[in-house]
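Dear colleague,

Please find below the structure for your review.

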Amino acid sequence: MRDSITPTPSTSPAQQSDPRRVALACMVGTMIEWYDFYIYGMAAALVFGPQFFPSLSPFAGALASFATFAVGFGARPLGGVILGHFGDRVGRKTVLVVSLLLMGLSTFAIGLLPTYATIGIWAPILLVVCRFLQGVGLGGEWGGAALMAVEHAPKGKRGLYGSAISLGIPAGLVLANMAFLIMARLAPDSAFADWGWRVPFLFSIVLVLVGLWVRLNVAESPYFKKAQEREEEQRLPVLELFTTYPRQLLLAAGSFIGNSAIGYIVIVYLLSYTTTVLNLPRQRILWIVLLSMSVLAITITLSARYSDRLGRRRVYLAGSIGLLIWSAAFFPLIDTGSTVLIALAVTVMNALSGMVLGPQPALFAEMFSTRVRYSGASLSYQLGALLGGAVAPLAATSLYEWTGSSWPITVYLLAVSLISLVCVWAFSETSTRDLGDDDQDPAVKPGLVTIELPEAGRDGVAR
């Protein structure tokens with residue numbers, strides 16, 4: 001008996017299979033979903049405490065607000081399992097449309113929620129429910145978008161085309177920052193706390209409609225269609241994933257813990273820390289983060305391109321080493337209160353993060369066979385995000401409250417960066433793998449993790 005979601009029909013003339021169009025469509029959809037996710041994080045740092053937890057102290061309110069933020073991360077692996085199952089069973093495209101709708105409608109609903117002053121305890125309960133649904137939607141987004149871009153990519157360019165998904169991350173953050181900067185200028189602090197914060201959430205419905213139009217006009221993955229023709233879809237993809245690829249799953253998830261934790265320290269906790277601890281203007285920090293996104297986008301593109309030439313592992317490893325080193329300098333630079341040094345700290349950290357994000361979509365896709373690729377890529381990414389990004393703002397807030405200093409936060413960032421570095425060191429090289437040759441590629445056999453790099457030809461392209 002087939003699953004209840006209807007498989008995507010064969011490609012119609014209106015549907016585009018051109019790799020560049022598919023990559024663009026995936027990037028646009030990912031950008032919209034990350035916009036939704038980021039505006040929640042920014043609202044959690046700025047207004048959710050007094051709006052939904054007014055009876056708590058400022059510290060407890062901030063902690064409760066970041067806890068609701070973490071709920072979305074807890075739901076993301078669940079979304080990866082559920083939507084990954086259908087993505088491996090009935091198609092990438094159908095599930096990507098479902099994930100976009102789930103994420104977008106949940107975000108729009110947050111903009112309509114009454115506050116604690118209106119409906120009491122039901123306000124934070126409904127906020128948590130919406131946040132949970134956001135997490136489920138995003139849990140199936142990244143893996144599906146990554147696979148569509150990578151599986152449509154021309155030979156030798158999987159890293160470059162897959163990086164379109166990672167580019168959706170800074171693009172979504174730019175949109176989110178611009179939305180809050182515009183509202184901060186149009187509405188004074190009292191009006192922003194009362195209704196101004198709702199506008200970015202309500203605006204998301206417009207973006208969802210645009211994303212749907214784009215995604216409905218792309219073709220299904222050619223590798224998935226071939227697997228369907230051979231009747232190779234698994235009835236329980238997650239079960240095969242856990243029994244056949246446990247080591248790949250754990251290494252991939254572990255490799256993302258550090259970058260995820262650092263990313264959410266920069267885009268979520270830093271805004272709270274600099275405005276409440278250092279008493280710096282909110283708009284100044286928003287602009288610093290916003291402008292640093294251009295550097296992040298550049299390093300994502302360059303690192304993805306070089307991963308096609310030098311191998312995924314080399315580039316990913318270089319970025320992971322850089323993140324470990326810069327974690328030691330990040331908060332000491334932030335604590336100076338200097339706009340220039342804060343901008344330096346944020347920009348360099350985002351540049352190093354881009355070195356990891358660039359090759360990541362292609363790398364995660366190449367680690368798993370077609371039968372379980374959606375489940376494997378999604379769950380790897382979301383587990384890393386849960387263990388890294390979900391915990392980071394809570395941990396940073398608690399560590400500072402406990403010690404009154406940022407040095408324990410630095411130690412925390414060093415620890416998670418080291419964990420990821422160890423996992424990346426154990427990776428095998430995947431860039432030369434044939435995505436359709438599931439049975440013969442040694443990189444996907446259970447328990448095998450080699451560290452052999454591909455040879456390069458005269459043009460530097462991995463063979």
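This is a predicted model: local features need pLDDT of at least 70, side-chain atom pairs count only at pLDDT 80 or more; totals for chains, interfaces and linings use all residues.

Glu-151 pairs with Arg-373, with their closest N and O atoms 2.8 Å apart. Glu-151 belongs to helix H6 (residues 122-152) and Arg-373 to helix H17, so that distant parts of the chain, 222 residues apart, are linked. Both Glu-151 and Arg-373 are buried.

A further salt bridge joins Arg-371 to Glu-240, at 3.2 Å between the closest N and O atoms. Because Arg-371 sits in the loop between helix H16 (360-366) and H17, while Glu-240 is in helix H11 (residues 237-244), this pair ties together parts that are 131 residues apart in sequence. Arg-371 counts as buried at 17% relative accessibility, as does Glu-240 at 13%.

Arg-312 forms a salt bridge with Glu-366, the closest N and O atoms lying 2.8 Å apart. The former is in helix H14 (residues 312-334) and the latter in helix H16, so parts 54 residues apart in sequence are tied together. Salt bridges with shared partners join Arg-158, Asp-308, Arg-312 and Glu-366 into one network.

Finally, Ser-380 is located in helix H17 (residues 373-403) and is buried, with 0% relative accessibility. A polar atom of the Ser-380 side chain lies 2.7 Å from the backbone oxygen of Gly-376. Beyond its neighbours within four places in sequence, Ser-380 contacts Leu-249, Ala-252, Ala-253, Phe-364 and Phe-368.

With kind regards

Notes
Residues are numbered from 1 along each chain as its sequence is written. Side-chain values use heavy atoms; hydrogens and water are left out. Helices (H or I, at least four residues) and strands (E, at least two) are DSSP runs, numbered from the N terminus. Buried means under 20% relative accessible area, exposed over 50%, partly exposed in between (1.4 Å probe, protein chains only). A polar contact is a pair of N or O atoms within 3.5 Å; within protein, one must be able to donate a hydrogen and the other to accept it, and residues adjacent in sequence count only if both atoms are side-chain atoms. Contact means heavy atoms within 4.5 Å. A salt bridge is a side-chain nitrogen of Lys or Arg within 4 Å of a carboxyl oxygen of Asp or Glu.
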